[in-house]
Amino acid sequence: MDSSVAPVTIDNDHQNSNNVSSQKKSSKGGWNAAIFVIFVEMAERFAFYGLAGNLITYLTNNLGQPVATAAKNVNTWVGVSAIFPMFGAFIADSYFGRFKTILASSLIYFLGMVLLSLSVSVIPMHSRKAVFFTALYVLAIGEGGHKPCVQTFAADQFDENNPEEKAAKSSFFNWWYLGIVTGASIAIVVVIYLQDNVSWTAGFAVLAGSLAVALTLFLIGIKRYRKQRPTGSPFTTVAQVFVAAAKKWRLSETHGGRSICYDDDRCGSHFQGQTRGYNLVRTKQFRFLDKAMIIDNEDALSKTKNPWRLCSLNQVEEVKLVLRLIPIWLGCLMFCAVITQLHTFFTKQGSTMLRSIGPSFQVPPAALQSLVGLTILIAVPIYDRVFVPIARKITGHPSGITMLQRIGTGLFVSILNMVVAGLVETARVNTARKHGLIDTPKAVVPMSVWWLLPQYVLTAIGDVFTIVGLQELFYDQMPEEMRSIGAASYISIVGIGSFVNTAIISVVQMITSRRGNVWLGDNLNRAHLNYFYWVLAGLSAVNLCVYMWIANGFVYKKVESIDETSDQRKELEMKGYLEVKV
């Protein structure tokens, strides 16, 4: 996964452009603007995890759902919440822009949380379940607009043509995730305690208040933001490249003295206070798309450029960027299927164990998720300030390791996580059997809940590597006009991963029920949750092998300054494509 760079290029992942160092610094953007958006996201994550972290408890204890059904419902809601961002990203990039989309979705999210609070308090019991699930999916709609835009909007505050701001952007993703974890951890400790020990109404009311604070904070920073102008449907550009390539599938660039189109009519300013100062370098992957930029006789004789017949080199390479990310997206689904255990079976495990601290205090089982946040709060600064400098000295890479190496490390940690979780569950069941508690599922197994600590810590370490790596990869490697789509694509991995986990649960239930020994029954002492964890570990190991094969052939985005492009055209045409390896 190392990269060798052609000498005439500027590697977007490795080098900064030096010819823009004298560019005038904008009065907008930078950390002064991004910090507002980070606090907004902290408040929103506070609300999301305050709900998601204990949702399975409400479904099983208050709505009376079986454990497997409740786990599926949690996974489905998380999955839908992570897929809706694809639609929100399309609307933001095509019509409204990220700022307006964040504003509208934040209002929807707030109204959904108010409705959820009402569903557990003043709504009559016979209508409570229907209103509760309606509120959940109103929240999912709000997530759809908020999730893909807020991180991208914050990252947009750093100008890639300004060396100082570009250097700050790499650290931004670490601190952004740190902010998310801080909000989530506080919610898990405070809100879940209120839900378990005061009332669900009080807990959800606090979450609604946090969203009101988030909306207020976002509006306070309004004069500091760099705002993206919507550029039209990004899918139109993708379709144009495929259509133009199909129309010219018989043409060959090497015959008839044909040239290619370098001029990109779309180049210009899409951001207030920020301009595009580079072109993408031509690569050898997906060469069938290169036919879209060949200028044939019809194109040469036409007075105007037909975008459905002729596309620029930039357009073609942007489509290649999107295509390269699809295998990475697929290769991370099992990781997200593993981390969904955090909100479901990890919590149910903890509910059966000794949770006493002192003579009277009982740790809420869902509050153990705060261990993930605590670990990340410690791990992110260590990663950024200790690991990266040491790794940089060894590898020479500015970020210590590449984004793909970072993601792959997290995938490996997720395998260890499931192995350890299976071993701990085996010990828990053996303890229950030793004390004659196999057939008393509501009895507390005399084993400390802190035995679950390793699996929570490993979940956090995996997140630090894979989740942050995915965030940076899907922002950095996406075309500028599709960065909201990139954020939504990364988020959708979590959603589809939840559906994958639901599918695995269904298959496991179907197969084991035929043998009369259901692995995921309501009585965890009789169930075989440890076997389920080990199945996930095996599937994750196979997935890691596939990911390493995919990553080995990945080509990072390569760029060159616009001033260099015209001088290099003849050289590139004479020598053929630039050789770019990862």
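The sections below take these topics in turn.

## Basis

The model is predicted: local features need pLDDT of at least 70 and side-chain atom pairs count only at pLDDT 80 or more, while totals for chains, interfaces and linings use all residues. Residues are numbered from 1 along each chain as its sequence is written, and side-chain values use heavy atoms, with hydrogens and water left out.

## Aromatic pairs

The whole structure holds 24 aromatic pairs. Rings of Phe, Tyr and Trp (its six-membered ring) pair if their centres lie within 6.5 Å; planes under 30 degrees apart are stacked, over 60 edge-to-face, and the rest tilted.

Phe132 and Phe133 make an edge-to-face pair, because their planes stand at 85 degrees, with ring centres 5.9 Å apart. Both Phe132 and Phe133 are buried (under 20% relative accessible area, 1.4 Å probe, protein chains only). Together with Tyr58, Trp200 and Phe204, they form one aromatic cluster.

## Charges over Phe48

Arg45 lies over the face of Phe48, 4.5 Å from the ring centre. The charged end of Lys147 also sits over the Phe48 ring, at 4.8 Å from its centre. The criterion is NZ of Lys or CZ of Arg within 6 Å of the ring centre and within 35 degrees of the ring normal.

Notes. Buried means under 20% relative accessible area, exposed over 50%, partly exposed in between (1.4 Å probe, protein chains only).
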